[in-house]
Amino acid sequence: MTLAIPQPPAACPAKLRDKGPTTPLRLALYGLAAANFAVGTGALMLSGLVAEMAADLRVSEALTGQLITVYALVYAIAAPLMSVWTARFDKRRVLVTASLGLLIANAAAALAPNFEMLALARVAAALSAAAITPVAAAAVTAIAPPERLGAALGLVFGGMAVATAVGVPLGALIGTSLGWRSAFVMVAGLAAASTLILALALPRTLHGAPRTLADLTALLRDRPAMIAVSVTALVMTAQFIPFSFISVQFAQAGFNEPSALFLLLLSFGAASVVGNHVCGALSDRFTPMRVLTGVVLALAPALAAVSLIGLSFWLALAIMAVWGFAGVGFNAPQQARLSRLRPEQAAGLLALNASAIYLGTMLGAALGGALMLGLSAAALPWGGAIIAALAAATLYASRSGDEG
């Protein structure tokens with residue numbers, strides 16, 4: 001069956017649609033990836049800086065940790081609304097403006113005199129991020145050739161994977177060495193770089209179809225589409241049940257040295273970058289649904305295997321690598337599948353998918369905390385594996401009406 005792919009607007013430069021990785025296409029995709037790298041680093045690095053921030057701002061660590069929850073909640077609510085509000089505007093202008101907003105918000109966070117001002121800066125950063133990630137996905141569907149859509153999405157959302165592998169550890173290192181404010185300065189610098197690249201690389205007339213809240217409501221009532229999006233929420237929930245407390249599990253396994261922690265996280269991060277790229281390319285060669293089925297089926301045993309990391313350091317490295325490959329490799333084929341599932345509503349569906357990522361992150365952390373309190377850290381891998389199995393079952397149920 002021929003797949004229905006959104007065609008580029010007439011004003012979109014034809015050279016971006018040429019077959020093969022043309023230089024303009026590469027630059028545009030790298031700019032979008034850079035923006036996602038800044039978003040991912042800024043969103044995730046706080047988990048390693050809570051203690052320093054709490055001590056400096058003279059608030060409890062528990063309250064400081066809520067900055068992560070507030071960011072995720074604002075993003076989850078704002079992403080689909082931003083996709084509707086910005087639909088009437090040129091995507092290049094939206095992305096450049098949002099990236100500039102991310103720069104300003106992180107600069108404000110670095111200068112925040114108290115917790116309240118820092119919280120406001122985080123809300124502003126979340127709003128900017130909510131306008132970047134879904135609009136970036138919509139821009140990819142407009143400028144990338146259909147036969148390279150999966151690889152293009154893999155590259156752009158590889159920015160998130162690289163943020164996990166490099167940006168977050170680097171932010172934690174800078175924050176603990178030079179002070180937590182320096183980490184926000186770093187993210188502001190990343191946002192400045194992405195703003196410049198996007199302004200130079202994206203086509204100047206990149207419009208999408210106008211959308212309204214009624215369109216968003218119609219999507220929310222589209223049962224097959226929402227079941228497909230729910231797979232993202234379940235996959236993220238499954239992973240963040242153990243990942244939110246991964247340092248505790250490493251310590252209980254006897255990996256207390258900073259070098260061991262670094263190597264284990266590096267194994268996860270490096271494999272996630274590879275998985276994101278490989279799974280995106282495979283979804284072009286085969287179909288997104290086939291690749292999704294493979295990685296989601298691999299995720300449950302990979303999470304269950306985390307319970308075995310104490311047997312051997314080398315085994316732990318391998319387990320973290322398999323988890324990173326499957327867990328992050330899920331993103332590109334899922335984006336490709338959703339853009340093909342409802343091509344005429346791809347931007348809105350991708351925005352809802354972005355919300356599902358953060359909702360899953362929040363739910364996973366909450367369930368992980370409940371398991372820690374009610375049972376022990378040993379229950380976390382099994383809790384994640386159960387939810388991953390549920391994600392696989394939901395993916396199977398969502399296949400009806402799927403064209404990709």
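Is Gly 179 buried, exposed or partly exposed? Gly 179 counts as partly exposed, because its relative accessibility is 27%. The terms have these limits: buried is under 20% relative accessible area, exposed is over 50%, and partly exposed is in between, with a 1.4 Å probe and protein chains only.

Before I continue, a word on the source. This is a predicted model, in which local features need pLDDT of at least 70 and side-chain atom pairs count only at pLDDT 80 or more, while totals for chains, interfaces and linings use all residues. Residues are numbered from 1 along each chain as its sequence is written, and side-chain values use heavy atoms, with hydrogens and water left out.

Gly 179 sits in the loop between helix 6 (149-178) and helix 7 (180-201). Helices, by the definition used here, are DSSP runs of H or I with at least four residues, numbered from the N terminus. The C-alpha atom of Gly 179 is separated by 9.0 Å from that of Leu 49, although the two residues are 130 residues apart along the chain.

Helix 7 also leads us to the salt bridge. The structure holds one, and it joins the side chains of Arg 181 and Asp 56, at 3.4 Å from N to O. Arg 181 belongs to helix 7 and Asp 56 to helix 2 (residues 50-57), so the pair, 125 residues apart, links distant parts of the chain. A salt bridge here means a side-chain nitrogen of Lys or Arg within 4 Å of a carboxyl oxygen of Asp or Glu. In general, side chains of opposite charge can pair when their charged atoms come close. Arg 181 is partly exposed, because its relative accessible area is 27%; Asp 56 is partly exposed as well, at 42%.

We now pass to the loop between helix 2 and helix 3, where Arg 58 is found. Arg 58 has a positive phi of about 60° although it is not a glycine. With a relative accessible area of 79%, Arg 58 is exposed.

Helix 3 (residues 61-85) contains Leu 73. Together with Ile 77 and Leu 81, Leu 73 makes a nonpolar surface patch of about 270 Å². Patches are made of residues with over 30% relative accessible area and no salt bridge; like charges are joined within 9 Å, and nonpolar side chains (Val, Leu, Ile, Met, Phe, Trp, Tyr) within 5 Å. The areas come from the Shrake-Rupley method with a 1.4 Å probe, and for residues only the protein chains shown count as cover. Leu 73 counts as partly exposed, because its relative accessibility is 40%.

What of helix 12 (residues 288-305) and helix 13 (residues 313-329)? Their axes come within 9 Å and cross at roughly 150°. That makes helix 12 roughly antiparallel to helix 13, a term for angles over 145 degrees. Axes are lines fitted to C-alpha atoms, for helices over the stretch in contact, and angles run from 0 to 180 degrees between N-to-C directions. In the loop between helix 12 and helix 13 lies Gly 310, which counts as partly exposed at 45% relative accessibility.

Finally, consider two buried residues. Pro 343, in the loop between helix 14 (331-341) and helix 15 (346-374), is buried at 17% relative accessible area. Leu 219, in helix 8 (residues 213-220), is buried at 3%.

Technical notes: Parallel < 35°, antiparallel > 145°, perpendicular 65-115°, else oblique.
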